[in-house]
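Hi,

Here is the model I promised to send over. Have a look at it first, and then read on for my notes.

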Amino acid sequence: MELQRICLVHYHEIGLKGHNRTSFENRLLKNIEALLSAYPIVTIRRISGRLCVFIKEGTSYEVACEIEDAIAGVPGVARVSCGYKCDREMGIMSEAARMALAEVGDFYTFKVASRRNHTDFDIPSMEISRLVGSYLCEHFPEKKVRMKDPDVKVGVEVIQGNAYVYARSVRGVGGLPVGSSGRVITMLSSGIDSPVATWRMARRGAIPIAVHFSGRPQTSSTSEFLVDDICHVLERTGCIARCYIVPFGDYQREIALGAPPELRVILYRRLMFKVAQRIAQQEGAKAIATGESLGQVASQTIDNIFVTDAAVNMPVFRPLIGSDKQEIIADAQQLGSFEISSQDAPDCCTLFMPRNPETHAKLEDALAAEEQFPLEEWIDSIMEAVEVHDYACPSYKKRRRKE
């Protein structure tokens, strides 16, 4: 029997939305559609609290699994199930379940979970599960039914004139679709933390626009290449729109020559935030995000964070603020950026570092130290020197510049 392969996309948080739920569903649909452009997809449709990806006839199970895994990484997706679309007839649904279960590989226990969305199909969900389960027991006599924690859960969903049957399911990253929460400027280094912070902001629906402060020309441009690799990892699931490269080394040198050594790091970061705010205004972003975790390094104490934030007049988000290093590393490994970030690269974070940086800075001291520097002139010069790299983000559109 020839049946059409599908991937059924489940979401949780979007399902809790009210009258604007449709806009979230459409945003997720468009994101998935754009990111699957290289795969053999017929169409994607909204069907009763799900998105269904219809796969071209003749596509192999291996390719269908690749599609499923790609969808699982898209923010907004809670789970993806690979299976078949079929008619609402018990014999056909049971055979579709057998075909789906036969493809999942090694397993010992299974159960059937059914969902009947329309009462015009007169067999109730419990009875569907019993009938399909009996059919599977006949065809897999060596396997056992287990209702709690089975190796495989066979899903049967009777929806809108068709049935959708699956056995292989993978967990998604959850959250909200990129583009549903506005734009945010993310401070992106080649280290472990900031790529994870960028990813977490994308999973909350933000469109991340990164800014990388390079130590160039005082250091090599190695960190810029690593950041580009990280951006390509984020790009796979539409989690970054563009990256501004800022040659920052000369400005750090000027601060290092003229400011009290213990305040250097604070002044570096205040200038970075001012540049990020200027880019945010240009991009229409309403917030800045960083990869800081409370107390992890000297610049990330509460006092220093307060002084740094005072440099700008927009919200500063810190999605990692309460995370420890092991939690951040686990997220970096899931994202796929950990190996890239583990490579050594000279960057602005290690340039002209003092021996004893201030851990309890006072705002009045930072403001007094800044008075000798032409910060606005520097920011104008930096904005003329920035380099912009664009990445594939389905929900991002370039703003038109005002004449």
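A word on terms before anything else: a residue is called buried under 20% relative accessible area, exposed over 50%, and partly exposed in between, with a 1.4 Å probe and protein chains only. This is a predicted model, in which local features need pLDDT of at least 70 and side-chain atom pairs count only at pLDDT 80 or more, while totals for chains, interfaces and linings use all residues. Residues are numbered from 1 along each chain as its sequence is written, and side-chain values use heavy atoms, with hydrogens and water left out.

With those cut-offs, Ile 302 is exposed because its relative accessible area is 59%. Ile 302 sits in helix α9, residues 302-309; helices (H or I, at least four residues) and strands (E, at least two) are DSSP runs numbered from the N terminus. Together with Leu 294 and Ile 321, Ile 302 makes a nonpolar surface patch of about 270 Å². Patches here take residues with over 30% relative accessible area and no salt bridge, joining like charges within 9 Å and nonpolar side chains (Val, Leu, Ile, Met, Phe, Trp, Tyr) within 5 Å. The areas are Shrake-Rupley values with a 1.4 Å probe, and for residues only the protein chains shown count as cover.

Now the overall picture. The chain has 13 helices and 14 strands, and its C-alpha trace spans about 80 × 50 × 35 Å along the principal axes. Of its 403 residues, 54% count as buried. The chain exposes about 18500 Å², with carbon and sulfur atoms supplying 48% of that. If you take contacts (heavy atoms within 4.5 Å) between residues at least 6 apart in sequence, 81% of them join residues at least 24 apart.

On to the sheet. Six strands form an open sheet with mixed pairing, in the order β13-β12-β9-β10-β11-β14; two strands pair if DSSP finds at least two bridges between them. The edges are β13 (316-317) and β14 (387-390), each with a single partner strand, so one side of each has no neighbour in the sheet. Further in, β10 (residues 207-214) and β11 (residues 242-247) run parallel, paired over six bridges, and Ser 214 has Pro 247 in β11 as its bridge partner. Helix α6 (residues 222-235) packs on this sheet and touches β10, β11 and β14, its direction making about 165 degrees with that of β10. For that angle, axes are lines fitted to C-alpha atoms, for helices over the stretch in contact, and angles run from 0 to 180 degrees between N-to-C directions.

There is also a hairpin to look at. Strands β2 (residues 41-46) and β3 (residues 51-55) are antiparallel and joined by five bridges, with Thr 43 opposite Phe 54 in β3. Four residues lie between the two strands, and Ser 48 in the turn has a positive phi of about 45 degrees. Val 53 is 8.8 Å from Glu 33, C-alpha to C-alpha, although 20 residues separate them in sequence. Glu 33 belongs to helix α1, residues 21-35, and is partly exposed at 44% relative accessibility.

How many salt bridges does the structure hold? There are 26, counting a side-chain nitrogen of Lys or Arg within 4 Å of a carboxyl oxygen of Asp or Glu. A few to click on:

- Arg 98 and Glu 95 meet at 2.7 Å, N to O. Both lie in helix α3 (residues 90-102), three residues apart, about one turn of the helix. Arg 98 is partly exposed at 24%, whereas Glu 95 counts as buried at 16%.
- Glu 387 and Arg 216 have their closest N and O atoms 3.0 Å apart. The pair links distant parts of the chain, 171 residues apart: Glu 387 is in strand β14 and Arg 216 in the loop between β10 and α6. Both count as partly exposed, Glu 387 at 29% and Arg 216 at 22%.
- Glu 376 and Arg 278 come to 3.3 Å between their closest N and O atoms. Glu 376 is in helix α13 (residues 375-385) and Arg 278 in helix α8 (residues 264-283), so this bridge ties together parts 98 residues apart in sequence.

Cheers
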